[in-house]
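Morning, everyone. I have one structure to walk through today. Please have the sequence and the model open on your screens.

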Amino acid sequence: MALIPKKNSSLVLVRAPVWLICLALLWSVALEPEDLEAAVPAELAATPAAPATPATPATPKIVDIQNRLPRSFKKRLRRSSRFIVIHSTESGLRSALNTVSRRGYSNYLVARDGTIYRILDKKYLSHHAGLSMWNGLTNISNHSVGIELVGYHNDPFSASQYDALKWLIEVLQRVYKIPDYHVLEHYRVAYGRPNRWVKRLHRGRKKDPGVFNFSRARAGLTSKDPRNSILYDPDVKAGRLIRDPDIDIARVRLVDRGRYDEEVAQLSENVITRRNTAWRIARGHYDEASTVYHFPNGTVMRGNQIRNWDRIPVGTKVYLNRNRTEDVQAVTAAVPVIIQGTTAFDIAGTAYRRSDTYYIFPTGTIKHGRQVRRWDRIPPGTRVLVRYNAPVALASAGRQAVRRNDTVFLVPQNEVVVAANVPDTSRLDSGTLVFTRK
């Protein structure tokens, strides 16, 4: 064995740590796929992609809240992991976290800022799909991972949500070998029993995350396989179910874009019309206690209190997920008000960003929907006026407009009142602003 000259011994000693580092790096590259999974959070471990596969997006922030599950909740392994089902919460973040954590109603929840909340380990059964069927297989919760998106079926999800969702889907697809066409929206797998509007087993019990809202392409589901289209439904094709009527409108887009836009605009409202029925708006929740009906005459009833559905008048507003009394009072008040746990969307629906939706903040500041930038910072106590004209000084308002019951006054000192409660408008302060309904 050759001896190392003394003059080079110090050089070898200096280089030795460098060689050790290089060997360590080479060793990590040579790890088996199961070892690489440790580089991803344990809950979302995935095998490395093949060279031709596009790089996975940067890892989003992941918050583990499994400790919120009640002690009585029993974790059970799923029968299989063949599908991923995407939902929308139909509520804000705080309310959604409380709901899904109560009984393990989802495995993951993606907030609007892209944060992923781990509700329940991916290998466990979550009760997210309810009454469901796909290609003859029922109770899809037993065979799928559930992902909730914070938001509503008729309001666009954020770019951050799509980025985080795409990352999460790709990881789960690698772990469970799930193809794009087995990543399904909730409305596609849910089905309903016969009711007064639909006489047979049918698609359409659920609307989330939105036939006209959720983008499969933005979620990375770009396979050209015909089964990857929302128009594909094996159970309808086989005659086990009848089609969701919204899918028929989705087909119209292929032949008549103008008619399609008109149909979607009508369905996006939470107001009952001759075509937009209680079932069309609330689907399977139409007769539940958490669904609230605000009639044009001011009467408020919950779905389980209504007996004669044929007599619900046109113009009735429908609100979903209203369990708390204060939530009902907030949206049905003469001038609706944002309270803790409610959002602008809860009150104004898809009109919340419009220039004719006005927000009167507790400080007296006024902004319309296009001027608001931070929707998560709208303070409780903010009043919401939907489809109103820009405010004018009391002296400039016409006498007829001032006398209308739905006219709203902003009196100095930030007091908001409606004309119906003001018997004598001449006594209002000169600095009063007037909002008239369009």
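This is a predicted model: local features need pLDDT of at least 70, side-chain atom pairs count only at pLDDT 80 or more; totals for chains, interfaces and linings use all residues.

Everything I quote is computed from it.

Overall numbers. The protein has 438 residues, and 46% of them are buried. Its secondary structure comes to 12 helices and 20 strands. The accessible surface is about 23,200 Å². Carbon and sulfur atoms account for 52% of that surface. Now contacts. Take those between residues at least 6 apart in sequence: 63% of them join residues at least 24 apart.

On to the sheets. In general, strands of a sheet pair through backbone hydrogen bonds, parallel or antiparallel. Which sense do we have in the three-stranded sheet here? The pairing is antiparallel, the sheet is open, and the strand order is E12-E11-E13. Two strands sit at the edges: E12, residues 300–302, and E13, residues 317–319. Each of these pairs on one side only. From one strand to the next, the twist averages 20 degrees.

What packs on this sheet? Helix H10, residues 325–332. Helix H10 touches E11, E12 and E13. Its direction makes about 140 degrees with that of E12.

Look at one strand pair in that sheet. E11 covers residues 292–294, and three bridges join E11 to E12. Within that pair, Tyr293 has Met301 of E12 as its bridge partner.

E17 pairs with E20, residues 433–435, over two bridges in the antiparallel sense. Find Ala393 there: Leu433 of E20 stands opposite.

Now the helix pair. H7 runs over residues 245–252 and H8 over residues 257–267. Their axes are 8 Å apart, and they pack at an angle of about 150 degrees. Therefore H7 is roughly antiparallel to H8, as angles over 145 degrees count that way.

Who makes the contact? From H7: Asp246, Ile249, Ala250 and Val252. From H8: Arg257, Arg259, Tyr260, Glu263, Val264 and Leu267. By class, that is six nonpolar, four charged and no polar residues.

Next, two individual residues. Start with Leu109, in strand E3, residues 108–110. Buried or exposed? Leu109 has a relative accessible area of 0%, so it counts as buried. Leave aside its neighbours within four places in sequence, and Leu109 still has a list of contacts. Among them are Thr89, Leu93, Ala96, Leu97 and Val100. The list also includes Ile116, Tyr117, Ile119, Glu148 and Val150. One distance to check on your screen: the C-alpha atoms of Leu109 and Gly146 are 8.6 Å apart. Along the chain, those two residues are separated by 37 residues.

What does His186 touch, beyond residues up to four places away in sequence? Val85, Ile86, His87, His128, Ala129, Arg205, Lys206, Asp208 and Pro209.

Hold on to the last two names, Asp208 and Pro209. They bring us to the backbone. Most peptide bonds are trans, and most residues other than glycine have a negative phi. The bond from Asp208 to Pro209 is cis, with omega near -5 degrees. Pro209 lies in the loop between strand E10, residues 202–203, and helix H6, residues 234–237.

Then the phi angles. Lys177 is not a glycine, yet its phi is positive, near 55 degrees. Where is Lys177? In the loop between helix H4, residues 159–176, and strand E8, residues 183–185. Its relative accessibility is 61%, so Lys177 counts as exposed.

Gln413 also has a positive phi, near 80 degrees. Gln413 is exposed, with a relative accessible area of 75%.

That's the tour. Keep the cis bond from Asp208 to Pro209 on screen, with His186 in contact with both of those residues. I'm happy to take questions.

Definitions and conventions
Residues are numbered from 1 along each chain as its sequence is written. Side-chain values use heavy atoms; hydrogens and water are left out. Two strands pair if DSSP finds at least two bridges between them. Helices (H or I, at least four residues) and strands (E, at least two) are DSSP runs, numbered from the N terminus. Axes are lines fitted to C-alpha atoms, for helices over the stretch in contact, and angles run from 0 to 180 degrees between N-to-C directions. Contact means heavy atoms within 4.5 Å. Angles under 35 degrees count as roughly parallel, over 145 as roughly antiparallel, 65 to 115 as roughly perpendicular and the rest as oblique. Ala, Val, Leu, Ile, Met, Phe, Trp, Tyr, Cys and Pro count as nonpolar, Asp, Glu, Lys and Arg as charged, and the others, Gly among them, as polar. Buried means under 20% relative accessible area, exposed over 50%, partly exposed in between (1.4 Å probe, protein chains only). Accessible areas come from the Shrake-Rupley method with a 1.4 Å probe; for residues, only the protein chains shown count as cover.
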